[in-house]
Structures are given as structure tokens and as C-alpha cells.
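Please open the structure in your viewer and keep the selection tool at hand. We will go from one stop to the next, selecting a few residues each time.

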Amino acid sequence: MKIGYVRVSTQEQNTIRQEVLMKELGVEQLYIDKASGKSKDRPALKKMIHYVRQGDVVIVESISRFARNTKDLLELMEQLSEKQVAFISKKEAIDTTTPSGKFMLTIFGAVAELERDYILQRQREGIEIAKRQGKYHGRKPIQVDPAIFQKVCSRLKMGEITATAAMKQMGLKPSTFYRMTKRHGL
């Protein structure tokens, strides 16, 4: 069975171009993620890896849609290989049913990772320049009314509420909540 995997980085981006390609290639089952490729922890990718079986072929538009670093790419390829599933990347003309295809996959995976590293480096450099010019000041710190913070934290310490309830009452995400409570020695 031909199984397609499509990914874009954000909810706002469009998958139509990749979907049209999959249809042209005769893909019978399609999995779509709208999530960053920096992690392999993506819902549709997980479902696809679980679904595929011996003899299937996973088709992607390009390696960068499948994985953004060599480690993740090789781990995903190992999972497919264990299930005896082939992999085809249309853009790079890679087909893992051939020895040269397996070799080229590793090379292109390294190139995709290098490209991602360059993007991040340029981003950091741009932020540094903007900071020196006074145009970038980073994220504004999250403010919580100190009285509310103390009240909620004292209720948490006394076991009246859970940490989840405390986060909701203050409108904080877990990482922010735990960072703030740690800073206050709680």
C-alpha cells in the first residue's frame, strides 16, 4: 500500500501542494501533520508509523517534511525498516529499496539538519543585531498579581487545591508556574 505523509510547520500553512502530489503518486492512505519538524513527536506521524506494515511504501514530498535532523530521520527509518516498509522521498529521488537510495537518504538527512542549523543561526544573529540596535527586547515577563500568587500558593501548600487548579487560577502554563514557584522557594 502507498502511504503518504504530509507536514507543514504551522496551522496557518497550507498542505494542498503536498496533497496534490500524493494524489498524483497514487497514495492510498494519507497522514497530515501541522507541526514543527524539529521533533518526531507528531500525532499523524505516530499514527502512520503504527499503521504501516510489511510491504507498504511511505512517500513524502521531501525529507525535510519527514524529519529535520539526522538522528530523528535515522530512528524513523529504523522503525520503518523493522516493519519492512520502504521509503520514497520525491524531491530528492530517494528510494530505500535500493542500496544507493539508503546511502543518499543518510546524506540528505545530514543536509536537512545542516539547513535547519543555518536557519537557527541566522535567527540568533538577527536577534543579536536587533538587540544592539534597541529594536528587540525579548518576551515581556509574565506578570501575576503578588497577592493572588501568595493566596493561591498558600492554598496549594495546604492541600486545598492541586497544582493544575493553581495554574488555572493564575492563568499560567506549567513551565511558567513551576519556574515562578521555584523562584519563590515553594
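Predicted model: local features only at pLDDT ≥ 70, side-chain atom pairs only at ≥ 80, totals over all residues.

Begin by selecting the five strands, which form an open sheet in the order E2-E1-E3-E4-E5 with mixed pairing. At its edges you will find strand E2 (29–34) and strand E5 (94–95), each of which pairs on one side only. Now look at E1 and E2, which run parallel and are joined by six bridges, and notice that Val-8 stands opposite Lys-34 in E2.

Next, select Tyr-5, Met-48, Val-58, Phe-66, Leu-80 and Phe-87, the residues with the most contacts inside the largest nonpolar core, which has 21 residues. At least two residues of this core come from each of strand E1 (2–8), helix H2 (43–51), strand E3 (57–60), helix H3 (63–66) and helix H4 (70–82). If you then centre the view on Val-58 and leave aside its neighbours within four places in sequence, you will find Val-58 in contact with several residues, including Ile-3, Val-52, Val-85 and Ile-88. Another core, of 11 residues, lies apart from this one, and Val-152, Ala-166, Met-167 and Leu-172 are among its members.

Finally, turn to the salt bridges, of which the structure holds six. Select Glu-61 and Arg-17, whose side chains meet at 3.2 Å, N to O; this pair links distant parts of the chain, 44 residues apart, with Glu-61 in the loop between E3 and H3 and Arg-17 in helix H1 (residues 16–24). Which of the two partners is buried or exposed? Glu-61 counts as buried because its relative accessibility is 12%, whereas Arg-17, at 56%, counts as exposed.

How values were computed
Residues numbered from 1 in each chain as written. Heavy atoms only, no water. Core = buried A, V, L, I, M, F, W, Y, C linked by side-chain atoms within 4.5 Å. Buried < 20%, exposed > 50% of the residue type's maximum accessible area, 1.4 Å probe, protein only. Helix = DSSP H or I, 4+ residues; strand = E, 2+ residues; numbered from the N terminus. Contact = heavy atoms within 4.5 Å. Pairing = 2+ DSSP bridges. Salt bridge = Lys/Arg side-chain N within 4 Å of Asp/Glu carboxyl O.
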